[in-house]
Amino acid sequence: MATPAAQATRGRTQLDLDHDRQTRYWRTLLWLFRHFRPYRGRLAVAVVAMLAYSGAVVALPWTVKLAIDQLLATPGDDLLGFAASVGIFGLVAAARFVTGLVHSRNMVKISEWVVLDIRTQLVAQLQRLSMSFYDRNQVGQIMSRVQNDVEELADSLWILTLSLASFVSVIGIAAAMLAMDALLAAITLAFVALLIPSLAFWRRIAHRPIRRARETIADVTSSVQENVAGIRVVQSLNRQQQNIRAFHDVNQINLRAALRSARYRYGLWPSVELLAALALAFIILVMGQGIGASLSVGLLIAFALYIERLFEPIRELTGEFGQLTRSLVAADRAVELLEIEPEVRTAPDAAALPPVSGSVRYEHVHFAYEPGQPVLNDINVAVEPGETVAVVGPTGSGKTTFVSLLLRLYDVTSGRVTVDGHDLRDVTLDSLTHQIVIVPQEPFLFSATVRENIRHNRTDLTDRAIIDAAQAVGAHAFITRLPDGYDTVLEERGGNLSVGQRQLINFARAVARDPRILILDEATANVDTETELHIQQALHRLLRGRTSFVIAHRLSTVRSADRILVLDEGRLVEQGTHEELLAQRGLYHSLYTRSILGPETEGS
Amino acid sequence: MPTLIRLVKYALTQRALVIVTAVVMVASIVPRVALPRLVGDAVDALLTQGRDSLVLIAGLMVAAGVARAVLGYLGLYLAERVGRVTEYRLRNDFVDKLQWLNFGFFDRQKTGDLMSRATVDIDAVDSFISTGVMHGIAYLMLFFLPVVVMLSLNWQLGLIAFVGSLMISGYGVSLAVRLFRIYTHVFQETGRMNTALQESLTGIRTVKVLGAQDYEQRRYRERASAVAASFIRADRLAVTRDATLNFLYAALMATILLVGGWQVQRGVITAGTLATFVLFLVMLGGSIRGLEWRVRLFSTAMAAGKRIFEVLDTRNPLVVAENARELSATGHVEFDSVSFAYTDDVPALHDVSFGLRPGQSAAIVGGSGSGKSTIAHLLPRFYDASAGRITIDGVDVRDVTLESLRRSVGIVMQDVFVFSATIRDNIAYGVDDASMEDVIRAARAAQLHDFIESLPDGYDTWVGERGATLSGGQRQRLAIARTLLLSPPILILDDSTSSVDVATEALIQQAMVQVLRGRTSFVIAHRLSTVRRADLILVLDQGRIVEQGAHDDLMRLDGYYRRIHDLQLRPADELRGFSADA
């Protein structure tokens with residue numbers, strides 16, 4: 001079903017790793033500002049304090065000028081007047097201290113809160129995105145956005161507030177200089193003005209190297225991630241040397257990109273330094289010519305201080321501008337992630353799925369992960385409440401996809417899937433997952449206690465219910481043998497639990513949820529015979545009264561199903577009971593005879 | 001400070017670059033310090049009407065400006081280069097080290113934690129080396145050079161400025177140390193938050209099918225809120241300290257103005273000298289703030305460095321004998337009273353002994369956690385036995401090179417990791433120069449070829465991070481193909497055919513009969529139909545071999561093996577009868 005719509009969807013779900021993509025500065029900046037909205041009261045206080053602070057910063061050199069001029073104007077030993085003007089200097093410094101504190105303490109809070117908002121927003125989005133997103137993007141890349149990019153953003157928010165203060169100071173200093181001596185001020189400002197074109201020029205050429213450096217570091221992160229997560233395979237296949245070489249290459253590419261980015265990032269530094277020195281030299285020359293009204297030593301000192309204060313913020317601003325550019329790039333990547341529409345969406349008017357009896361219908365269901373590669377073709381199935389349905393077929397025939405649609409991990413490309421007559425797309429995901437539970441192929445455990453792993457999000461489950469569930473699947477015995485029993489903290493990979501034990505905990509998790517519809521996806525495969533016997537006994541009880549779909553390997557499991565669906569290359573080719581299907585002598589018959597008789601005749 | 005010394009040593013591997021950078025850094029300070037002096041001279045020239053010298057002063061200023069610009073840019077770039085190269089080396093070493101650590105290490109470490117050491121911590125070291133150490137040299141100069149000039153101009157005023165600055169920076173440093181501890185704690189919290197997120201993303205499928213998105217999000221928000229609160233506490237202290245330092249500097253400036261003003265009136269110093277002092281004091285303030293910032297970088301870098309070296313220093317318990325031999329095995333495997341424990345107190349294997357002649361096959365059966373996988377992991381030395389010894393062709397596995405050992409022992413593990421690369425590269429993962437024909441042959445033997453051919457890009461199809469686009473069975477067969485390509489004399493199949501459906505398993509088993517021929521093999525299988533064919537069956541229970549022998553012997557024994565055998569096979573036997581009737 002390669003519809004253009006599907007194609008467009010695909011474009012949206014893949015994170016853009018295109019290195020030449022333009023950063024959308026203004027949009028991103030606006031987006032960033034929106035996050036400050038909730039804190040506008042505090043922000044107002046901070047801004048007022050910042051204005052007062054900048055005023056004090058501008059006033060300080062002025063008070064130095066006043067003091068020195070007074071000192072030189074009054075010969076003899078009139079130290080009192082001089083001491084008084086130094087006192088004014090002290091007062092202004094105290095004002096700077098207080099206002100600076102009010103400003104920065106507020107900004108610290110606001111920027112952390114904004115970062116927190118953005119973080120949680122990103123994570124909420126990640127939880128909302130469909131499986132197809134995760135099929136197409138690496139966890140390492142995604143983590144890099146939430147981790148590195150947000151940290152970049154956090155840094156820059158802080159810098160942004162400092163830059164604002166710097167900016168206001170620059171304006172204030174310009175005004176103060178104009179008030180003191182218009183000509184000298186004009187000369188100084190002319191040099192400042194020269195900075196602006198170089199700023200614009202720099203901004204244009206530095207953008208790409210900076211972005212490139214960011215991208216190559218993401219590659220490094222992914223590469224480390226693979227080396228850590230896949231280390232067991234790496235070692236068993238003796239790939240260490242090659243991996244080391246490959247990593248060194250990726251790392252080297254990043255090094256080069258980072259150095260290139262550095263060469264551009266510092267590009268504006270020389271012009272700022274040079275212009276500051278030129279401005280000061282010019283002022284001295286002009287003063288020497290006696291041009292202009294006043295020739296006061298205090299004025300020269302004040303200007304020297306101002307020029308330092310004027311070019312310093314501008315230099316900082318350019319350094320910070322680099323940071324700001326980097327962070328806007330980071331923010332843009334965050335926005336990009338937020339803009340991805342989940343493929344599986346809950347309709348705005350979706351209702352909660354009422355408690356169902358468990359009848360499931362697939363009506364003309366088509367599905368493709370990638371446009372043009374259909375995985376399921378025109379599937380039509382009606383399952384009655386309480387029925388146990390086995391799904392069989394060769395690998396790649398679409399069994400896992402078939403049940404994934406019922407869980408709404410993906411949406412059908414066309415046709416519909418209904419539960420008790422409700423189209424899955426018309427009910428809320430929450431209400432759906434409450435009534436349909438799957439035990440997936442690969443058991444996944446969280447780093448938490450056994451108890452928390454079974455309970456997980458169902459905080460309404462009592463400890464009793466958890467233990468009952470564990471007992472029902474035969475996991476209770478080994479859990480109580482663990483060092484801390486149900487409170488044993490499991491490690492990321494399940495620690496020293498065997499795959500079978502991890503699977504049992506997954507079973508307990510499903511059982512504790514008491515779902516109306518249960519899906520077992522090749523779930524018994526990793527459990528040894530004895531454990532499976534436990535489970536099968538439990539399942540027999542468990543499946544009773546529930547609609548269930550079992551993707552099973554063992555024909556003994558398949559045989560006891562009420563109905564067997566045989567899938568082949570995405571089509572439902574046969575369905576019926578074991579006996580019916582054998583009599584048909586079709587695909588099922590051939591699967592069955594090959595698997596049971598093949599190895600046996602070979603062996604004996 | 002062993003961490004500091006080691007970090008500096010890392011930077012010093014590029015000695016020439018470091019020296020050049022340091023020289024440039026120091027040199028770039030000289031024109032900066034010259035500027036206040038020149039302003040002072042200008043003031044005096046203006047007051048004494050010595051206007052001719054003003055042209056010279058202005059000229060010198062321009063020259064100083066040019067020098068400052070060029071050297072400044074160069075210094076910034078070179079310092080960044082030193083840091084980046086250090087980062088590059090450190091990261092290479094880090095990843096190199098990971099490649100050789102044994103499984104025990106990875107059992108204990110979380111992926112997210114290792115990731116944060118490899119990324120965030122190494123970044124912190126980078127900024128410490130470049131912005132911290134290299135810029136630190138410049139800031140030290142920026143402090144001491146003005147002090148020297150001031151003392152030479154007027155020792156009383158110079159002393160006030162020097163002592164005052166030292167006292168202020170002493171106060172600043174003491175607070176910086178406190179901040180260090182606080183920030184360390186904050187970064188730890190951040191690490192925990194990221195680990196949790198990484199986990200919920202890796203397990204996103206489980207999160208989704210449990211409908212736990214909101215729950216995961218809430219938990220993340222709680223952690224992130226805690227992190228934000230800690231950051232606010234730490235940052236608040238930091239900004240308060242900065243403001244206080246600024247204020248103290250202003251107080252010092254007032255003192256200099258008062259004393260200096262008095263000296264000017266007494267004619268001890270010129271107004272130009274006072275101007276120079278005022279400008280120098282601003283400079284000192286800047287340099288102290290700069291040095292403070294270095295202290296902060298230092299603190300985080302030490303914590304980060306400690307975490308990095310912790311990994312680099314991990315002693316790999318897998319010691320390869322110095323005169324290790326190359327193993328070219330025929331496949332004679334012997335376990336001699338082997339015991340093993342993952343952690344000290346819980347034995348996983350106890351006194352396991354058995355032998356296998358070349359070409360023989362062993363099947364390992366037993367309940368969950370009985371030690372089946374452990375046996376499989378000891379042979380290629382993913383762990384070392386804690387007692388007893390394992391020999392291949394009579395040679396202790398600890399006496400041969402790891403590389404030749406693992407070339408001789410192929411293993412298909414329970415957990416199949418698919419690298420993000422093409423299918424072809426994934427199959428050829430263990431072999432350097434595998435030809436396309438070899439890859440296809442291995443894929444065919446693993447019954448994967450037809451599936452691969454059905455993909456639009458065939459063998460060039462890209463498979464995702466955790467092999468998301470491959471089903472469990474396909475991944476399993478990929479792992480088998482991978483191992484087959486190595487063609488090892490000894491082959492271990494750990495649960496390898498378990499998540500493959502019946503049809504595929506039958507195909508694989510047919511292939512395996514071919515593949516296993518002529519190899520010594522271990523099969524950890526759940527299906528007793530596979531087990532039956534084995535030359536030796538090892539029945540494990542809680543880390544001990546409770547029964548061993550051929551199928552018929554064990555059946556006659558009428559023990560544990562017989563019991564599980566009956567459980568498993570009865571239905572199939574019935575079916576066979578049924579099927580024959582039909």
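This is a predicted model: local features need pLDDT of at least 70, side-chain atom pairs count only at pLDDT 80 or more; totals for chains, interfaces and linings use all residues.
**Chain A as a whole**

Begin by selecting chain A, whose fold comprises 21 helices and ten strands. Of its 604 residues, 59% are buried. The accessible surface of chain A amounts to about 22,600 Å², with carbon and sulfur atoms accounting for 58% of that area. When contacts between residues at least 6 apart in sequence are considered in chain A, 79% of them link residues at least 24 apart.

**A salt bridge in chain A**

Side chains of opposite charge can pair when their charged atoms come close. Across all chains, the count of salt bridges is 39. Select A:Arg455 and A:Asp463, whose side chains form a salt bridge with an N to O distance of 2.5 Å. A:Arg455 is buried, at 17% relative accessible area, whereas A:Asp463 is partly exposed, at 36%.

**Two helices of chain B**

Next, select helix H13 of chain B, residues 436–445, which holds both B:Asp438 and B:Arg441, three residues apart. These two residues form a salt bridge, with their closest N and O atoms 3.3 Å apart. B:Asp438 is partly exposed, at 30% relative accessibility, while B:Arg441 is exposed, at 54%.

Move to helix H18 of chain B, residues 551–557, where about one helical turn separates B:Asp553 from B:Arg556. The side chains of this pair meet in a salt bridge of 2.9 Å, N to O. B:Arg556 is exposed, with 65% relative accessible area, and B:Asp553 is partly exposed, with 38%.

**A network of salt bridges**

Finally, select A:Arg265 together with B:Glu80, B:Arg84, B:Glu87, B:Arg91, B:Asp123 and B:Asp126; salt bridges with shared partners join these residues into one network.

Key: Residues are numbered from 1 along each chain as its sequence is written. Chains are lettered from A and ligands numbered from 1 in the order in which they are written. Side-chain values use heavy atoms; hydrogens and water are left out. Helices (H or I, at least four residues) and strands (E, at least two) are DSSP runs, numbered from the N terminus. Buried means under 20% relative accessible area, exposed over 50%, partly exposed in between (1.4 Å probe, protein chains only). Contact means heavy atoms within 4.5 Å. Accessible areas come from the Shrake-Rupley method with a 1.4 Å probe; for residues, only the protein chains shown count as cover. A salt bridge is a side-chain nitrogen of Lys or Arg within 4 Å of a carboxyl oxygen of Asp or Glu.
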